[in-house]
Amino acid sequence: MKELREYTKDELIKEVEKLRNKNLIKDKKEKPGFKNKYLSDNWERVFDTISTIILLVNKEAIIVDCNKTARKYFKKPKKNLIGLNFWEVISGSDTPPEDFKLSLPKRQSRNIKINHKWFKIKTEPINDCNDIQKENIVIISDITERKNYVNEIEERRDRFADLVELANVAIASDDKDGNLVYTNKQFADLFGYTVKEIKKRSHRDLVHPDDQEMVKDIHISRFKRNKDTSRYEFRGIKKDGSTVFIDISVNEIIETNGKVVGTRSYLRDITEKKHNEWKINEQVKKIKCLQAISNVSSQKNITIDKYFDELVIILPEAFQEPNNTACYIEYKTKIYKTENFKKTKECIEITLKLKKKIVGKIKICYIGKATETSASFFTKEEKELMKTISLKISEFLERVHSELIQKIQFNIAYAVVTSENVEEFIGVIRDQLGLLIDTRNFYVALYDKDSRMLACPYMDDERDALDMWLADRSMTGYMIKQKKALLLKKKDYFKLSMLGEFDIIGELCEAWLGVPLKVK
């Protein structure tokens, strides 16, 4: 059967005009009941050339005329169709569908399902010369095949949509400008939005600022058909501002002409995986760092200076971004630091102790570009690592200190038998003690019980130069009375002086240390 085509009222008029131009219709008097722009004496010839079902139906729904296409479709000759009820011919029942009356003086168009078939029915009222409705032109199209196809497409789409929603993966499609044209619920959940909210978002809203340029370049390059990787990772920003790590696989949506019109992406949340990788890496870095510190500590005859010089290079390697991490170590009066060191807000600071006394500190500073999350740049594990490192350094200092004391004791004992005089011997003592404490202000005083005077056979002092002084009411005399070593800080000897225990003689000092020398 020839394909049925739908015609509008205006198209029917054009068909009539074409036939007139071909002299197929000769203008005659208007047929009663029809307007001349629709019908002529050769109406039937025009009627039969149109390849869609056309019926002429009166106000009572009785067929008064039909074209050749209608006769072929209903498989009835013209004489058997004329006089039949229109609805009975279509459906086998003379009862029209609800709210569909052919007598209405207006155009109508409706898709109607009748006996497992779908029809598109259009009606055009035809008036006489007095503008009174006489008949209706009824144009019928059998759209069953098309409707079934549409239903099948919709069914497939619904099934696909159901599968997409059930799939444990976020799916999205976007256009050339990065606008989202489709997302499933998992995609919205991935970024913490509702399905309605996510439709108003774009790449800029969902991608971390540090990764936006990378994602943009990959997206633009894909539309140029460059061979970019179809899978990569980036950081996303959730609705609450937190960071989510995403693994994305991208396919191009290509038209038949080969033009890329969009992309379809499949995304997975790999934040937990990333955190696990970090934990493993942190453990590896921690082990390597502690091993490196142990290796330096175990070097034979290593000096304090060399130890800390190597340490400032080792420590940054234990952190996330070694190139953006600077180290500063302060030990007693000396400073050791990396060339790139500068103090920043993102800093870990710990103290160094020797015999439970603070003798220095270590600062680890992040000197990279500040970000929204820089306030918490250092992880809990990294902070715990620094505590462990501090203990390791303290252990090393304790060991070196003990070894130094043993060495000093040996050197002093050796000086006892090798020194030629007391002055030489005391000089050795001063030099050896200088390895542990500040001995720039140092003296040895001898006490005469009879005169109660203190004589100084050896003095090396930057401020004072005393040969003899009365032991009474002096700090040295006070220490001799106590018969034990005495360590006084400024506040202590001020207090004892106010209590009348002694007078302050000579230059004030920050701390005073005295040890009694006993004979027999």
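Let me start with Trp118. Lys147 lies over the face of that ring, 4.7 Å from the ring centre. There is a second case of this kind: the charged end of Lys363 sits over the ring of Tyr328, 5.5 Å from its centre. Please keep in mind that this is a predicted model.

Staying with aromatic side chains, a search of the whole structure finds 15 aromatic pairs. I will take one of them, Tyr73 with Phe119. The ring centres are 6.3 Å apart and the planes stand at 85°, so this pair is edge-to-face. It links distant parts of the chain, as Tyr73 belongs to helix H3, residues 68-74, and Phe119 to strand S4, residues 117-127, with the two residues 46 apart. Are these two buried or exposed? Tyr73 has 17% relative accessibility, and the cut-off for buried is under 20%, so Tyr73 counts as buried. Phe119 is buried too, with a relative accessible area of 3%.

There is also an aromatic cluster, made up of Tyr307, Phe308, Tyr331, Tyr336 and Phe396. What covers them?

Next, strand S1, residues 53-58. Of its 6 residues, 6 are buried, so S1 is largely enclosed by the rest of the structure. In a regular strand, side chains alternate between the two faces of the sheet. In S1, Ile53, Leu55 and Val57 point one way, while Ile54, Leu56 and Asn58 point the other way, and all are buried.

Which strands does S1 pair with? One is S5, residues 133-142, joined to S1 by 6 bridges and running antiparallel to it. Within S5, Ile139 is the bridge partner of Ile54. Another is S2, residues 63-66, also antiparallel, with 3 bridges to S1. Here Val57 stands opposite Ile63. S1 and S2 form a hairpin with 4 residues between them, and Ala61 in the turn has a positive phi of about 70°.

Last, the whole protein. It has 16 helices and 19 strands. Buried residues make up 38% of its 520 residues. Among contacts between residues at least 6 apart in sequence, 45% join residues at least 24 apart. The protein exposes about 33,000 Å², and carbon and sulfur atoms supply 50% of that.

Note on methods
Residues are numbered from 1 along each chain as its sequence is written. This is a predicted model: local features need pLDDT of at least 70, side-chain atom pairs count only at pLDDT 80 or more; totals for chains, interfaces and linings use all residues. Side-chain values use heavy atoms; hydrogens and water are left out. Rings of Phe, Tyr and Trp (its six-membered ring) pair if their centres lie within 6.5 Å; planes under 30 degrees apart count as stacked, over 60 as edge-to-face and the rest as tilted. Buried means under 20% relative accessible area, exposed over 50%, partly exposed in between (1.4 Å probe, protein chains only). A charge sits over a ring if NZ of Lys or CZ of Arg is within 6 Å of the ring centre and within 35 degrees of the ring normal. Contact means heavy atoms within 4.5 Å. Accessible areas come from the Shrake-Rupley method with a 1.4 Å probe; for residues, only the protein chains shown count as cover. Two strands pair if DSSP finds at least two bridges between them.
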